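Notebook open, structure loaded. I'll jot down what I look up as I go.

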Amino acid sequence: MKKAIVGTVLLLLASGAAAQAETLQLEGSTTVGPIADAFAEYFKSVYPSLDITVKKTGSGDGSAALVDGRCDIANMSRFMKDKEFKDAVGNGIYPVAHVVAMDGVCVVVHPSNPVKALTKDQIRDIYAGTIKNWNQVGGPSMPIVPISRDTSSGTYETFEKLVMSKQAMAAGVEYVNSNPQAHARVKTTRGAVGYVGLGFVDASVRALKVDGILPSRQTIASGTYPVTRPLFMFTNGYPKLGSMVHKFCTFYLTEKGQELVEAKGFVPLTNY
Amino acid sequence: MHKDTDLTLTLEPAADSHRPLALTPGQDLTGFIAAHLGRAALLFITCSSVLAVLLILVFVIYRSVAFLTSYNLADFLADKAWHPTAGDPNFGALTIIVGSLYVSCAALVFAVPVGILAAVFLSDIVSWRVRNIVKPVVEILAAIPSVAYGFFAVLVLAPWMQQKFGFTTGTNALNASLILAVMALPTIISVAEDSISALGRELREASYSLGATRMETILRVVLPAAHSGIIAAVVLGMMRAIGETMVVWMASGNATQIPHPWWDLSQSIRTMTATIAGEMGEAPEGSAHRSALFAVGVLLLILTFGLNIVSEYFLTRAKKALGKS
């Protein structure tokens with residue numbers, strides 16, 4: 001049934017029929033989702049007849065959808081696993097990765113806090129509850145209030161994977177449900193430590209050096225900042241040049257694409 | 001004038017004068033069928049809301065069965081460790097059950113005295129005209145969206161409490177219960193005021209005629225007589241607090257811990273509703289985590305149904321007591 005529809009669409013396109021109702025299906029990571037959404041919105045305004053759907057289910061589901069041919073682009077916040085790659089090739093799908101942005105998670109504190117740097121291990125111990133006071137990491141005697149994003153967010157996923165290394169968060173960790181709320185809590189709480197995307201670091205909260213490296217566009221884009229990961233869009237083979245999939249996957253290279261990536265709090269790979 | 005009414009009375013035909021007194025069997029049958037069909041249709045429409053409740057109940061229980069049958073129930077209810085995403089997951093719900101009850105009870109501690117005093121003031125002290133202005137305004141409190149309360153809690157109340165009282169964190173049990181108290185107030189005031197003013201003048205006049213002052217009348221006569229309605233109001237207020245999600249999610253801090261010492265309201269806590277709202281999005285379909293969240297939903301349903309039955313009991317008692325007097 002699906003093949004029949006695809007076939008008809010292709011026939012229509014080939015015969016140069018008037019109505020070119022093209023569709024673009026994206027599925028996958030909730031972290032990459034906002035970037036894909038922003039791109040999709042822009043694409044809809046430029047190509048009104050284009051029909052784009054962005055499903056935010058999770059990287060694993062995105063990969064499965066690409067393998068089954070249910071989507072054109074799989075959004076993933078990690079690289080494909082061995083098994084996923086083998087399944088894909090076994091199914092005649094040849095996954096190609098496009099890194100569309102970098103995701104750097106900045107550890108932030110109240111501006112009055114004299115602590116300027118922490119190691120990844122110290123941050124993990126703070127969230128795991130073994131370090132409870134700022135004086136254990138060279139600050140004043142003041143209880144630490146660790147603030148985390150709630151467990152359904154992509155930022156949490158990144159932080160947990162790159163910092164916590166399988167250790168459970170302590171019972172006293174507070175959870176907030178958005179980047180702005182994490183920012184607001186750290187801004188107003190002297191003992192707080194939180195983590196947000198680079199786009200949410202401003203004068204009212206201070207980003208810490210992690211393992212001696214201050215998060216910035218350069219250190220995140222180059223991957224030297226330790227809490228950084230690339231965000232992917234996977235396609236089946238390299239898309240045909242000039243096709244809608246190609247335009248979508250390379251949109252991050254344009255100035256508008258860079259602007260949208262930045263607006264979502266991620267770090268673009270280009271610098272206009 | 002008199003003549004006119006007389007004329008209309010005699011000239012106007014009775015409404016049914018053209019209808020034959022005896023129905024044919026066909027008419028009899030259609031009438032019978034139409035009456036029953038209409039009845040069935042109305043019954044169906046009424047039942048749809050009952051059906052919605054039943055469907056939700058069945059759905060939530062059905063989705064939680066996988067967890068409830070495979071996980072030790074005692075561990076679920078009595079264990080404090082809630083680590084749903086750890087490598088070796090642990091679903092101890094005690095902390096969040098306590099959290100829900102903790103903020104709801106703390107909210108009642110703030111809301112009940114204020115609510116009952118306000119209800120007495122509106123029913124017995126202030127003039128009828130003022131009451132008719134103030135009561136609807138109080139009820140508007142219930143119409144403010146909870147996310148607006150939540151923003152107030154995070155952006156205003158939390159920093160203020162940190163500065164004023166030196167709390168290490170402003171999003172804590174005190175913050176959540178204060179906001180919940182404000183949200184429960186309209187329910188408590190409205191229901192309590194209804195039951196107090198429904199007592200009628202006679203009771204109060206009898207009290208005054210025996211020489212009681214206004215305060216004595218209120219404390220010794222009116223409040224005891226209206227106690228069933230007031231208890232119902234408090235229970236309804238508690239239901240409002242326990243089921244609230246957005247506010248506690250934003251204001252309570254969501255730390256999975258039981259305050260220690262128990263009276264320390266300045267510590268961050270987590271409720272059942274916030275846990276469901278915060279974790280449902282990421283729990284994979286078919287996982288133990290998702291099923292466990294539905295099990296928490298079942299617990300919440302049991303709690304609110306219990307409270308609902310209690311409030312119904314006291315409301316009917318209040319009505320019966322009124323009927324007798």
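Predicted model: local features only at pLDDT ≥ 70, side-chain atom pairs only at ≥ 80, totals over all residues.

Residues are numbered from 1 along each chain as its sequence is written, while chains are lettered from A and ligands numbered from 1 in the order in which they are written.

**Domains of chain A.** I looked up the assignment and got domain 1 (2-102 + 231-263) and domain 2 (103-221). Their centres, taken over C-alpha atoms, are 33 Å apart. I then checked where they meet: eight residues of domain 1 of chain A are in contact with seven of domain 2 of chain A (contact: C-beta atoms, placed from the backbone, within 7 Å).

**Chain A overall.** I find ten helices and eleven strands (DSSP runs numbered from the N terminus: helices H or I, at least four residues; strands E, at least two). Along the principal axes, the C-alpha atoms fill a box of roughly 75 × 35 × 30 Å.

**Chain A against chain B.** I see 19 residues from chain A and 24 residues from chain B in the contact. On the chain A side, strand 7 (174-176) and helix 7 (179-188) each supply at least two residues. Helix 7 of chain A gives the most, with four residues.

Technical notes
Contact = placed C-beta atoms within 7 Å. Domains from an automatic or database assignment.
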